[in-house]
Amino acid sequence: MNVKMKTILRNRLFFSLVLIFSAISCNDSLDVMPKDRMIPENFFRNESELQMFSNKFYTQLPGESAIIREGVDHIAKNDMSDELKGTRIIPGSGSGWSWSQLRDINTLLEYSVNCPDREVRNRYDAVARFFRAYFYFEKVKRFGDVPWYDKQLASNDPDLVKPRDSREFIMSKVMEDLDFAIQYLPAGKELYKVTKWTALALKSRAALFEGTFRKYHNLTVDGVGYEYYLEQAAKASEDFINQSGYTLYKGTSTTTAYRDLFASYDARGEEIILARNYNKSLGQSHNANFYTLGVTYGRPGLTKRMVNSYLMADGSRFTDNPGYETYSFVDETANRDPRLSQTIRTPGYKRLDGTNTLVPDLLTSSTGYQPIKFVMETKYDGPNSESENDLPIFRTAEVYLNYAEAKAELGTLTQSDLDRTIGQIRARVGMPPLDMVDANADPDPYLLDPKTGYPHVQGQNQGVILEIRRERTIELIMEGFRYDDMMRWKEGKTFETDYHGVYIPELGPYDFDGDGSPDVYFYKGATPSIPSGVLAREVDEEIFLSEGDYGYISPYKNMTAKWNEERDYLYPIPIDERILTGGVLTQNPGWDDGLEF
Amino acid sequence: MTKMTLKTLIRNVLVLFLFQQIGTVAINANVQSITAFPAESLVERIERLNELGKSDGQSISYNMKDLNGKYAPMIEVETNNMEEWLNKSLADSDLTYEKKEENHYLILSEVSKTTNEVREIKQQSVVTGVVVDINNEPLIGVNILEKGTANGTITDYDGRFSLSTDADATLVFSYIGFESIEIRRNGRNFIEVRLEEDSEMLEEVVVVGYGVQKKVNLTGAVASIDGSELSDRAGYSVSQMIQGKVPGLTITPSSGRPGAGSGINIRGVNSINKGDPLVIVDGIEGDLETINANDIESISVLKDASASAIYGARAAFGVILITTKAGEKGKTEVRYNGQFGWGKNTTSTDYETRGYYSAYLNDLFWRNYAGNNYTTYTEQDYDELWIRRNDKVEHPDRPWTVIDQRDGRDSYTYYANTDWYGYLYNRTRPSTNQNVSLRGGTDAASYFVSAGFHQSDGILKTNTDRFKKIDFRAKTDFKINDKLDFSTNVSYLNNSYTYPGIGGVNNAFTYDKVHGLASMQPENPDGTMVYATSLSRYVIMDGYQMVLKNPGNTNRDKRDQTSLIGELTYKPTKELQFKTNFNYRYNSQGFMNRQTNVEYSKYPGVIETLTTGARFENKLYERVNTHNYYAFNAFGTYTKSLQEKHNLQGMLGYNWERQTYKDLKATGWNLTDDSLSDMNLIGQDADGNKLTDVSGGYNEFAIMGFFGRLNYDYDGKYLLEFSGRYDGTSRFRRDNRWAFSPSASAGWRISDEAFFESAKNWLEDVKLRLSYGTLGNQQVGYYDHLRLISMGTQNNYLFGGDNRPVQASIGAPTTADLTWEKAIHYNAGIDIVTLRNRLSLTADVYIRDTKDMLGESVALPAVYGASAPRANSADLRTQGYELNLSWRDSYEVLGDRLTYGVTLTFNDYISFITKYDNPDKSFAKKHYEGKRLGEIWGYRVGGLFASDAEATEYTSRVDQSYVNEIILQSAGPEGKPRGGDLMFLDLDGDNIIRPGTSVNNPGDQEIIGNSEPRYHYGGTFNVSWYGFDFSAFLQGVGKRDWYPEPNTMAFWHMYARPYATYIPKNFHTQYWTEENPDAYFPRPRGYTALQGERRQLTAVNDRYLQSLAYLRLKNLTLGYTLPKNWMKAVKLENVRLYLTGENLLTWSPGLKSDYIDPESVVTNSIYGDASNLARNYPWSKVYTVGIDIRF
């Protein structure tokens, strides 16, 4: 090897070593940025990115448990809720005091400036503000006053410890956000995305809540009383009714229209403003079938009081019938508002795809008034959330009911207002219209009775308000409205009523469908010999009757409701949050967490 | 120090050890008449002959390299003639001998002899000389070799020699026990040589970070395992083989599945976050599970900071160094090791198979909650079950499936006695392990090549799951010249696991637990599957038994890994050495899950198809995960001795690594064929849509480090070591990225002190060690310092259409000052070797403070709206000790040496939280200052109520409703506490049973146990005699508590879910009834152990607290090495046959279940929460026969 070659080789070796070290020895080689994810500064630049980010906002909308599985005073289940039993405790944390959705919303609002297209930006700002309004409306319903934030908080932000803003301040912000949303959201119909019409419907709902809450709780906050909100509710509802083009779903017959509205694989777009979409093959399903048909899961049943509130098919009141209290199941379910047979099993009931008639199953319904709303064909019966029919979140009938109620509470209701709203709802099922004069002339004593109705309703529209409430409760049952309604009407005390099911006159056989052969056998002591196919229930062991050997089926054998008027309309603030803020977050009235600051 | 020197040293130590033993043989041999020599290594034989020759002045010299790896056959001779012994000993080898002087013999290889003869023609002159020791005593039999040739001789009785060489030849003088030296002749004709005793030869050498070190000079806590300890073990998992071998090293197998990995931990709880040791294979970060046990030369475990600081920020919690075998100069040795094994469950599988009892018990537990029966069996049905209860197989007169009117039509009705476990699972499962290796080389190049194949069948009976592993390794070393070495190390691994069912084999052990009553049948008489029945409202095993049987459900996990290492060693001078290596590794993991629709029949002749849901839809999922790893190391070592007493070694180096991970996942639905699985087959759904889902993922990190070590010792007596590393990682922001990890240690060999002289003849070595060091821990997420937006599929909200929407979500906010977690280690140890090298003891005590752990972040009000950024806010202290005691000895018994050894290891540690942001010691936070990790808080139970009256009376005084959730919801008379229910003690006297909020206000709870393991121990006993060898290895944990979690059906059975498939035999005698008031389990009641903490069995209490302490016979091996003279005929060098068993016996008296393996319970251990649902793939005991052949 000659000298020159050696030099070259040595140089090359040296050169490559230098190369290796310079390539890998500087700090830069340790700056590794992610290649499969984005950083916020490089995101939110166009419609697609804004949409993908806003998709997550929808998850704060209610699902199956809040919609179908509601159980307040009108539906009894395995267990009475802590709210009704009066056994709510002050939680350590969580329990509705969750703020992560708000953070995401404010993140979008902060970074949407990255999008140069002003129109697109406004549209997604509107989506974000719709959901911020939804978020705060939920907070106000639950806690009353809450702190307002319209920015992302840093971990050292002094605003982390901030006193609660008044519900007036929050609700005015909610209205502001909704007005923005109404202005900038698209005006086309979209079944699964929020639109201008969803924003109007939410405004109608939220303003009605706030207005009636203030009216019945006798609240004026920061100088603002109830009238402003009721006017907002009426106005938003009216705009919706006049401009949106949504109507009620009429179906093929008055005896199936109501049922089919909910037993529809895809929501009925003519009425449903916003639906939650379910599709089992995409992993989203709910348990409507198994919930109403399974033995261990919920065992829901309408209460006797709820069933009593359905009018007769001719519009007269069932509870005006003498002896209605002890009607047999066959008798009490005959000739009623057709929605009763489209809400629970009544004689002649068949599954959508069934040929056999079925009677209520006392194993799966704790009262005997077994719900069928949302129940689909038998192929969805399995225990693992097999149902995939869409669930309604906003629908036109609610806006109608909101409108009638807001106007009635304001005292500006007219018969024509009723005709274009409740009249339509009743017409769908073939019920006669609601007559305002008749209603006010003869308020229903059953609905005024503190044990069965709404004793706080007063004034010239007393009768019609009671009828609007009847209508609302029947129409919107199992859609998650009842608890909020009872709160804003300040009727929590009524929860302390009797929880009853079907009336059983005596031990022995009972015929649910009037076909002459018994369906259930109630007994005490030794198991009787009974034909196969007949369900035997041992009284005081497997089932309880209100009077011992006879009476109403009592779903809550040893549970009683207890309501504290001074405390229970709002939820407590979690203890940890009170400690972390050094008491700057005050506790709601009546909730004693023992903390002193 | 190169690998070759290391090997030579190890070998010499071995030779010397044997030499010492032979001394005793020889004395006996002289007294008796010589009759027999056992088969042994040729070196042993020659030394034996040298010993025998001592008495009449005969000696043999040899070149160790020629004899290495060769065996001397067993011979019988009735003579004291040295030449005859030699003739017979060398008979079958390629060696011969020459008689050099009267009574002195030199062993030569045939090859050397020839060249020797050739050279003699060219020889130029004769050199003579004498070899003496430092006391000027002549040394007899010293090997003298002309360097670079095979020309050599040995010294005679007077230490004299004579050899013909070139005039400028270099002579190499070597002698066992003395340091070899090289002397240039420089034309001289007489040379006097003085050899010095080689003190190093007495010492073992241990692999440490970036080098090797004499064990005697170690100042840190380092333990090592020799590869030979692993070669007898059955199976393939190195991690499971080293369990219990090293005190302080804890191995936690993740499941009993073939191919499952293990958790590895050194010295207990490292961090409340992640803290795994670093595993280095041949100098490069690697993985224990990918190494073939047969390839391992040695394993070192670096336990304290001083040993591991050289690896810096990845070594905060210890290092495991694996060195694989390398080539060796010499004749090629071929080795084959083959094993065949049979596995069985370690736990009982004897479940209730009588339909009557199964239905009865499930109905009972259900009824006592729900008020009605689980099944719809009528009284007549029960009669049918009763008359069949003893039919092990179906009796022709009493069929197990009958057709009866149910649901208003003909329905299958079952009255069976089904053994579901036997239906679903194999009770024995075969496995095999085959390994072949070649090893050899010349002066210029050497090589080691090995290949292994492993296959084990799993437990699933139909479409049996199977694990396969193929591995290959080729290592070569080239000597380019005197100063430059180049070596390569190539390895390849391929493994695959195929299994039936849906993705995740553990689903089988989850779904099978429910709704499989023995009274039901898996299949109808016409061969159709059973799913829904008219006998229960639920479907059998949620349909999983059908899924397991369905040939369309196949899954495969596979892995391909190729690793290439190239290393260049440059030794410019004797003192200086540079090494640089580069590694590239490609690792690809593939996952495939395929499922198809399933058919079943509920009514005769009516077949229904299940097409939807996670278990039944027609779907193919594939995932490919690719890792690319690059590593570069360069380091130099300088060794220097000054004035013969001051020994200095310095090392400096640089390391750079980068790894990328790329993920690709695809799912397609509605494939057109059930037996084929490829994305090209995606068809359409009922609406004509093609359904697919695709996603990816990419991660990357880079690290860089500068490291150094300085060792100094004075005369081998006073030892000092400093080491450190300056580390940077891409996982932190620029300004927090770099950290320095320094350590220092010192040792004092007391036994070398003058005052120790008198004890030296029985106490050979005593050394004290101390070390201290700080290490950073970079085990955090790849991009934890950034706030990222990820695109993902929205899984909980749809907007119509046929696809899930895309959702962009933003990660939680981060803090700027996130930084390293630090581990500060203190270690003190003592090493003792005594009783003539037979007993050795190593003991260490240590404290490790882990500081600035990422604790719970400072609690922020919930309005913050995200999980608060985590802060470096928590400290932990772990303290413990370790002992390793070993004894080796041998005796002459009935004509052969009986060699035996016992090794015991023991260690213990406890961990405390020393700092945590929880001033109120609230239970709402995970930890609090002063907490001992693993604490179990629970209630005290005063027994079971003897009667309803007692229950009513007690609960009227003490409100138990907090823990009686299910009881109060139960139907009818069961709706209140009754006889056989638990009596909870009111510890705080407030008449209400409820948990407290903090340590200071614990309510009715107190610390009832601890879930962290204590007192780890292991013991190995081995003995060999007349070719037989026997070893037993026991391992265990002395103390550990476990409260069975809610829904642990293997423990709670029907208390968790009142429709259990597996009911222990005779369970009906184990629960409380009025007739059985002393039962262990309470009143039968379903759901009381299902979830939450408010049910009487989910409320943690002392009555059902289990002890997981166990003692396990991990391994038992019996081997026989065939006599050498038999081997001659078949030209084999060594043949060993062996039988070995793994996990043969387990003793765990504190665990009140025969159906749970104590090791299986804690596999998902998260500190302070050491439990899971014990529904893993079952653990196996494995019986193996093996053969090991070398030629």
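1. Let me start with a spot in chain B: 24 residues line the second largest cavity, and those nearest its centre are B:Tyr351, B:Lys513, B:Tyr1155, B:Ala1174 and B:Asn1176. By cavity I mean a set of points, on a 1 Å grid over the protein atoms alone, where a 1.4 Å probe fits but cannot get out; lining residues have an atom within 4 Å of a point. Its volume is about 300 Å³, a volume being the space filled by probe spheres set on the points, with grid points joined across faces, edges and corners. The lining of this second largest cavity divides into 13 nonpolar, seven polar and four charged residues. Here Ala, Val, Leu, Ile, Met, Phe, Trp, Tyr, Cys and Pro count as nonpolar, Asp, Glu, Lys and Arg as charged, and the others, Gly among them, as polar.

2. A word on the basis: this is a predicted model, in which local features need pLDDT of at least 70 and side-chain atom pairs count only at pLDDT 80 or more, while totals for chains, interfaces and linings use all residues. Residues are numbered from 1 along each chain as its sequence is written, chains are lettered from A in the order in which they are written, and side-chain values use heavy atoms, leaving out hydrogens and water.

3. On to the largest cavity, at about 550 Å³. Of its 36 lining residues, B:Gly235, B:Tyr236, B:Gln240, B:Ser1180 and B:Val1182 are the closest to the centre. Elements of chain B that each supply at least two lining residues include α6 (238–241), β24 (330–345) and β59 (1180–1190); β27(B) gives the most, with five. Helices (H or I, at least four residues) and strands (E, at least two) are DSSP runs, numbered from the N terminus. By class, this lining has eleven nonpolar, 18 polar and seven charged residues. In total, the count is 17 cavities of 30 Å³ or more.

4. Now to chain A, where the axes of α5(A) (residues 100–111) and α6(A) (residues 118–143) come within 9 Å and cross at roughly 155 degrees. Axes are lines fitted to C-alpha atoms, for helices over the stretch in contact, and angles run from 0 to 180 degrees between N-to-C directions. The two helices are therefore roughly antiparallel (over 145 degrees; under 35 counts as roughly parallel). Their crossing is left-handed, meaning that the near helix is turned anticlockwise from the far one by less than a right angle.

5. A:Glu47, A:Leu50, A:Gln51 and A:Ser54 in α2(A) meet A:Val120, A:Arg123, A:Tyr124 and A:Val127 in α6(A). By class, that makes four nonpolar, two polar and two charged residues.

6. Finally, the axes of α6(A) and α8(A) (residues 196–216) come within 11 Å and cross at roughly 20 degrees, which makes α6(A) roughly parallel to α8(A). This crossing is left-handed. The residues that meet include A:Phe130 and A:Phe137 in α6(A), and A:Leu202 and A:Phe209 in α8(A). The contact has nine nonpolar, one polar and three charged residues.

Conventions
On a 1 Å grid over the protein atoms alone, a cavity is a set of points where a 1.4 Å probe fits but cannot get out, and a pocket is an open set with protein on both sides within 12 Å along at least five of seven lines; lining residues have an atom within 4 Å of a point. Angles under 35 degrees count as roughly parallel, over 145 as roughly antiparallel, 65 to 115 as roughly perpendicular and the rest as oblique. Contact means heavy atoms within 4.5 Å.
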